[in-house]
Amino acid sequence: MTVEEPADLTQQIAQLNYAIVKWLNINLKAYGVTATNYFYVMKINEHPGVVQNQLNEIIKVNPSTVTRAINT
C-alpha cells in the first residue's frame with residue numbers, strides 16, 4: 001500500500017459523487033428538482049411526520065441550509 005492510494009480513493013469518490021449528482025440533476029430536471037432537493041425528499045420519506053428541527057438533526061447540516069431547501 002502506498003501513500004498515494006488514499007488520495008486516489010478520495011479522488012475516485014469525489015468523481016463518482018460528481019457523476020451521480022450530474023446524472024440526477026439531468027434526470028430530475030423535468031420535475032423541477034435537483035439532486036440536493038431529492039436528497040431531502042428521500043430523508044423526509046424515510047422519516048414520515050418529521051419536523052424541521054428533527055430533519056436538521058438527521059441530515060446534520062446548518063439549520064439555514066434545511067430552511068432554504070424546504071422553501072425551494
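Start by selecting α3 and α4: their axes cross at roughly 115° and come within 9 Å of each other. Keep in mind as you go that this is a predicted model. Viewed as a pair, α3 and α4 make a right-handed crossing.

Next, show side chains where these two helices touch. On the α3 side, pick Gln52, Leu55 and Asn56; they meet Pro63, Val66, Thr67 and Ile70 of α4. Colour this contact by class and you will find 4 nonpolar and 3 polar residues, with no charged ones.

Now bring in helix α2, residues 35-46. Its axis lies 11 Å from that of α3, and the two helices pack at an angle of about 110°. How are α2 and α3 oriented to each other? An angle from 65 to 115 degrees counts as roughly perpendicular, and α2 and α3 are therefore roughly perpendicular.

To see what joins this second pair, select Phe39, Tyr40, Lys43 and Ile44 in α2, then Leu55, Ile58 and Ile59 in α3, which they meet. Here the classes come out as 6 nonpolar residues, 1 charged and no polar.

For the next stop, clear the view and select Tyr40, Leu55, Ile59, Val66 and Ala69. These 5 residues form the largest nonpolar core. Which elements give two or more residues to this core? They are α3 (52-59) and α4 (63-71). In soluble globular proteins, nonpolar side chains tend to be buried together.

Leaving aside residues up to four places away in sequence, Ala69 touches Asn37 and Tyr40.

How values were computed. Residues numbered from 1 in each chain as written. Predicted model: local features only at pLDDT ≥ 70, side-chain atom pairs only at ≥ 80, totals over all residues. Heavy atoms only, no water. Core = buried A, V, L, I, M, F, W, Y, C linked by side-chain atoms within 4.5 Å. Buried < 20%, exposed > 50% of the residue type's maximum accessible area, 1.4 Å probe, protein only. Helix = DSSP H or I, 4+ residues; strand = E, 2+ residues; numbered from the N terminus. Contact = heavy atoms within 4.5 Å. Axes fitted to C-alpha atoms, helices over the stretch in contact; angles between N-to-C directions. Parallel < 35°, antiparallel > 145°, perpendicular 65-115°, else oblique. Nonpolar A, V, L, I, M, F, W, Y, C, P; charged D, E, K, R; others polar. Left-handed = near helix turned anticlockwise from the far one by under 90°.
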